[in-house]
Amino acid sequence: MNQVLLSARIAETSALRYTPAGLPALDFRLEHESEVLEAGQARQVKAAIRALAIGSVAESIVRQPVGSAWAFKGFLATPRNGKHPVLHIQSFEPVQI
């Protein structure tokens, strides 16, 4: 199963672009901070994640302000010419971080 749920802030967005099929697409970066338990110890976690949204989700995210917090749902995939996975966003909703 490849499913990701992440609370994060929108850190940076590119301009809305269109795929060869004519679908809106948005490349952006998310930043996450939290505290988790690992091996019984509290650990501060920070992560910066590359993300991609396609279609109506891209059109909605591009209208959100940089710095706003959301709960993102999606899946991970590595681009054809890339080394690192990208979080493909399928839906998002407001969240308090």
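Is Phe 72 buried or exposed in this predicted model? Phe 72 is buried, with a relative accessible area of 0%, where buried stands for under 20% relative accessible area, exposed for over 50% and partly exposed for values in between (1.4 Å probe, protein chains only). The model is a prediction, in which local features need pLDDT of at least 70 and side-chain atom pairs count only at pLDDT 80 or more, while totals for chains, interfaces and linings use all residues. Residues are numbered from 1 along each chain as its sequence is written, and side-chain values use heavy atoms, with hydrogens and water left out.

The C-alpha trace spans about 50 × 30 × 20 Å along its principal axes. Of the 97 residues in the protein chain, 29% are buried. Contact is defined as heavy atoms within 4.5 Å. Among the contacts with a separation of 6 or more, 54% join residues 24 or more positions apart.

The largest nonpolar core has 15 residues, and those that touch the most other members are Phe 28, Leu 30, Ala 53, Ile 61, Phe 72 and Ile 89. Such a core is a set of buried Ala, Val, Leu, Ile, Met, Phe, Trp, Tyr and Cys residues joined through side-chain atoms within 4.5 Å. At least two residues of this core come from each of β1 (4-13), β3 (24-38), β4 (41-54), α1 (56-61), β5 (69-77) and β6 (86-94). When neighbours within four places in sequence are left aside, the contacts of Ile 89 include Phe 28, Leu 30, Val 57, Ile 61 and Phe 72.

Three aromatic pairs are present in the structure. Rings of Phe, Tyr and Trp (its six-membered ring) pair if their centres lie within 6.5 Å; planes under 30 degrees apart count as stacked, over 60 as edge-to-face and the rest as tilted. Phe 28 and Phe 72 form a tilted pair, at 6.3 Å centre to centre and 45 degrees between the planes. This pair links strand β3, which holds Phe 28, with strand β5, which holds Phe 72, across 44 residues. Phe 28 is also buried, at a relative accessible area of 5%. The ring centres of Trp 70 and Phe 92 are 4.9 Å apart and their planes stand at 75 degrees, so this pair is edge-to-face. Because Trp 70 lies in strand β5 and Phe 92 in strand β6, the pair ties together parts that are 22 residues apart in sequence. Trp 70 is buried, with a relative accessible area of 12%. Ring pairs join Phe 28, Trp 70, Phe 72 and Phe 92 into a cluster.

Two further residues were examined. Val 45, in strand β4, is partly exposed, with a relative accessible area of 25%. Its C-alpha atom is separated by 7.8 Å from that of His 32, 13 residues apart along the chain. Apart from neighbours within four places in sequence, Val 45 is in contact with His 32, Glu 33, Ser 34 and Val 36. Ala 39 lies in the loop between β3 and β4 and is exposed, at 79% relative accessibility. The phi of Ala 39 is near 55 degrees, a positive value in a residue other than glycine. Most residues other than glycine have a negative phi.

Notes
Helix = DSSP H or I, 4+ residues; strand = E, 2+ residues; numbered from the N terminus.
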